[in-house]
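Hello,

Here is the structure I said I would pass on. My notes on it follow below.

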Amino acid sequence: MPEPADQRGSRLQGTTSLAPDGLADHAVPRSGNPATDAALALLTQLVREGLRHIVLSPGSRSQALALVAAELERAGAVELHVRIDERVGGFLALGIAAETGRPAAIVTTSGTATANLLPAVLEAHHSNLPMLVLTADRPSELRGIRSNQTTVQAGMYGAAVRRALDVGAPTGADGETDAYTRLASQAWSAALDETGPVHLNLAFREPLSVAVPDLTESVAELADDSIDDAPSGRPHPAALDRPHLTMPTGPRTIVIAGNAAGPGAEELARAGGWPLIAEASSGAHFGPNLVVAYRRLLREPEFGGRVQRAIVFGHPTLSREVPALLKRDDVEVVVVAPVGEEVYDPARSARIVASVEADSLDEDARAWVGRWVFASRTLLEEDAQASADHVAPDVEAGRSNSPEQRLAFAKTELAAVRAPVTRRMLVEALWRFTWPHDRLVLGASRLIRDLDAIVPGKKIRVHANRGLAGIDGTIATAIGIALAAQPAPGASPHGQGTGATRVLLGDLALLHDVGALLFGEGERRPTIQVVVGNDGGGTIFDSLEVAATAPADAMRRVLTTPQPVDVAALAAAYGWDYRRVETRGELDQALSAPPAGTSIVEVLLPR
């Protein structure tokens with residue numbers, strides 16, 4: 001096999017062999033067909049490295065990879081997920097990586113199939129999530145002559161991938177399978193160490209496959225050699241040179257945790273005695289220093305106006321107040337970014353570090369953090385009292401010996417149960433019914449901002465595609481998360497996520513990813529509850545400046561774009577359980593005990 005042509009973008013220069021010694025000693029059965037043997041060597045080595053999930057979209061040119069993947073699943077080495085839509089498959093692989101911290105492999109045939117992966121590859125790139133993109137291609141002699149289903153696949157994803165290798169078609173030459181084994185190790189290490197997608201464009205000549213040898217005995221050897229611990233996302237030593245920083249006490253400091261920041265942000269805020277601004281999908285939305293009402297406080301001179309230093313983790317995307325603060329000349333900004341070449345730095349003036357710790361507990365900051373936390377709680381309590389769906393129960397009336405008072409209490413309780421669902425009610429209920437063994441996935445819609453603005457601290461696992469914050473792929477990502485968090489029968493769980501996975505999204509995000517609802521024959525259905533806040537289109541535009549100037553009919557036609565779809569019929573067509581919710585009582589019933597398998601809860605919301 002010719003050496004792979006390195007098609008990396010200018011972001012990553014040089015070639016480093018990451019192959020461990022002795023790979024040729026691992027014997028894998030041969031078929032005698034170059035395409036099948038190359039696929040065997042590549043995929044079995046990936047399993048040896050730690051691959052546990054393969055996502056496959058069927059096609060002719062990729063049939064050797066597909067049949068080897070099927071044999072690996074039959075032998076118990078991997079779980080295979082087949083999806084006919086490559087865009088769905090890409091986001092499914094993304095969800096698996098988001099939950100486990102290790103890459104899944106997404107396999108496609110040639111042509112437009114490869115282009116359909118671009119949205120998921122871009123999200124993986126901007127979210128620093130590992131992914132292995134294995135695209136089958138025509139051999140060199142069929143390229144550039146308008147051969148069917150042939151396009152320029154090498155380098156297709158540009159700078160969005162950490163490595164892009166265009167691999168010549170196997171011929172059966174001596175040492176060829178060892179080269180594919182080394183290629184697998186290099187790709188796996190690059191995806192993990194450089195925390196992002198890696199593209200292997202794999203050419204195959206006819207005959208494209210033969211029967212795959214039985215891998216049952218080989219699987220035991222693969223399991224012995226593989227690593228079961230999920231990686232934590234470490235930086236590649238050659239790609240990043242960012243220091244560790246000890247933060248001195250003194251300046252009035254806040255800690256900001258954006259999407260996927262992780263619990264380290266909360267630990268630092270507690271260690272330093274600093275207020276914590278943590279978005280709902282940050283992984284740090286808990287702890288005694290949490291400030292939920294941060295948007296309003298950042299606008300206040302006595303709070304945001306007095307900030308002297310901001311320490312940023314993750315990717316903040318849910319407010320305008322945070323970037324406005326970080327652009328101020330009088331605020332020192334430190335961004336903690338152990339991975340990724342791109343970092344969140346709105347003013348392009350931040351000090352970029354790999355890790356940070358507090359020098360000591362800043363005793364002088366106790367009053368500072370106390371004011372933030374107290375003010376936030378006061379604002380939230382006032383909001384709750386003023387909200388239209390707030391009903392204060394009269395406990396004494398319920399205990400009264402007076403029939404009139406008890407009747408009045410019963411009527412109040414009944415009115416609360418029958419109250420129509422509001423956005424606030426929806427997000428509060430969803431947060432309340434989600435527990436540490438569950439998973440919560442938040443789609444890109446108005447609802448994620450509503451939730452972020454009001455829910456209290458709670459240590460639960462929350463995911464969101466905020467790398468590019470697009471609405472595409474939300475359901476597919478959530479299904480990938482659910483499949484990884486809820487292991488197949490007989491498989492070892494990755495963590496404690498054996499409960500339900502809930503997805504909160506708007507009606508447009510549901511329809512944009514409707515193909516993800518399809519499960520083919522033999523595909524495992526995890527317990528996943530898709531909660532659709534249906535307010536008749538993209539009402540997030542109602543809160544933007546354009547709403548004050550655009551003509552109402554144009555606004556509806558080209559921005560909010562309501563779609564007249566029968567969600568119940570849609571659920572029935574794809575074999576999902578369906579429930580319609582209009583009242584508080586119905587909402588609590590739907591969320592408190594989600595049914596096993598796949599279900600949709602449509603919540604009707606006012607515009």
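**Notes on the model**

Ala 469 sits in the loop that connects E16 with H16. The model is a predicted one, and in it Ala 469 has a positive phi of about 55°, although this residue is not a glycine. As a general point, most residues other than glycine have a negative phi.

E16 is a member of an open sheet of 6 strands, ordered E16-E15-E17-E18-E20-E19, with parallel pairing. Strand E16 (461–463) and strand E19 (577–581) are at the edges; each has a single partner strand, so one side of each has no neighbour in the sheet. From one strand to the next, the twist averages 20°.

Within this sheet, strand E17 (residues 501–506) and strand E18 (residues 528–534) run parallel and are joined by 6 bridges. Opposite Leu 504 stands Val 531 in E18. Helix H16 (residues 474–485) lies across E16, E17, E18 and strand E15 (439–442), and it runs at about 170° to E17.

A further parallel pair is made by E8 and strand E14 (residues 355–358), with 4 bridges. Met 247 has Ala 358 in E14 as its bridge partner. Which face of strand E8 (residues 244–247) is covered, and which is uncovered? Leu 245 and Met 247 are on the covered face, while His 244 and Thr 246 are on the uncovered one.

Two other loops have backbone features to look at. Asn 128, in the loop between helix H5 (118–127) and strand E5 (131–137), has a positive phi of about 55° and is not a glycine. Pro 207 is in the loop between strand E7 (197–203) and helix H7 (216–225). The peptide bond leading from Glu 206 to Pro 207 is cis, with omega near 0°.

For the chain as a whole, there are 20 helices and 20 strands. Of its 607 residues, 53% are buried. Among contacts with a separation of 6 or more, 76% are between residues 24 or more positions apart. The accessible surface comes to about 25500 Å², and carbon and sulfur atoms account for 52% of that surface.

Regards

Definitions and conventions: Residues are numbered from 1 along each chain as its sequence is written. This is a predicted model: local features need pLDDT of at least 70, side-chain atom pairs count only at pLDDT 80 or more; totals for chains, interfaces and linings use all residues. Side-chain values use heavy atoms; hydrogens and water are left out. Two strands pair if DSSP finds at least two bridges between them. Axes are lines fitted to C-alpha atoms, for helices over the stretch in contact, and angles run from 0 to 180 degrees between N-to-C directions. Contact means heavy atoms within 4.5 Å. Buried means under 20% relative accessible area, exposed over 50%, partly exposed in between (1.4 Å probe, protein chains only). Accessible areas come from the Shrake-Rupley method with a 1.4 Å probe; for residues, only the protein chains shown count as cover.
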